Amino acid sequence: MNYIFDPNTKTYVIDDFETAKEQVRSFIEDNALLGLVLQSQGDYVALKEARTLVNKKVKEVSDLRKELNKAAMGTFNEQAKEIEKMLKEASEAQSRKMEEWEEAHGGLKPKKVAIEVRSFDAKAIDKVKAFAVKLGCEVKDGREAK
């Protein structure tokens with residue numbers, strides 16, 4: 001598989017992509033044995049060998065893709081990861097300070113907002129209730145009091 005650098009998009013592309021896809025289709029047709037009906041152990045072995053050949057091609061394409069990604073993005077990725085790490089460390093330090101303050105001041109008091117849900121569909125009400133609980137909200141169901 002050949003690739004070229006496209007100056008218009010400033011990216012690598014597969015040279016003559018449609019021809020490459022046709023070559024892959026031919027390779028699959030000639031080598032993958034997809035139409036084979038397994039009737040014997042010999043058929044099984046042949047299909048297993050064909051699968052190995054296809055997987056080898058998959059690895060070749062995957063390795064090339066990873067190599068190009070690393071070549072094109074290697075330095076940027078490492079730099080971006082370092083900046084992300086710095087920002088995450090700052091966020092974690094902020095979280096620790098907030099937790100210390102909450103512990104020293106008895107935590108935060110939850111805000112109360114009343115929401116009334118009316119529906120003839122009990123399942124819809126139950127879904128709204130389950131969603132609120134999933135978000136960590138306290139739910140008082142008036143149906144339970146009756």
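## Aromatic pairs

The model contains two aromatic pairs, where rings of Phe, Tyr and Trp (its six-membered ring) pair if their centres lie within 6.5 Å, and planes under 30 degrees apart count as stacked, over 60 as edge-to-face and the rest as tilted. Tyr3 and Tyr12 make an edge-to-face pair, with 5.6 Å centre to centre and 80° between the planes. Phe5 and Tyr12 are also paired edge-to-face, at 5.4 Å centre to centre and 75° between the planes.

Relative accessible area classes a residue as buried under 20%, exposed over 50% and partly exposed in between (1.4 Å probe, protein chains only). Tyr3 is partly exposed at 34%, Tyr12 is partly exposed at 40%, and Phe5 is partly exposed at 46%.

## Basis of the model

This is a predicted model, in which local features need pLDDT of at least 70 and side-chain atom pairs count only at pLDDT 80 or more, while totals for chains, interfaces and linings use all residues. Residues are numbered from 1 along each chain as its sequence is written, and side-chain values use heavy atoms, with hydrogens and water left out.

## Charge over a ring

The charged end of Lys57 sits over the ring of Phe27, 5.6 Å from its centre; the criterion is NZ of Lys or CZ of Arg within 6 Å of the ring centre and within 35 degrees of the ring normal.

## Asp141

Asp141 is buried, with 15% relative accessibility.
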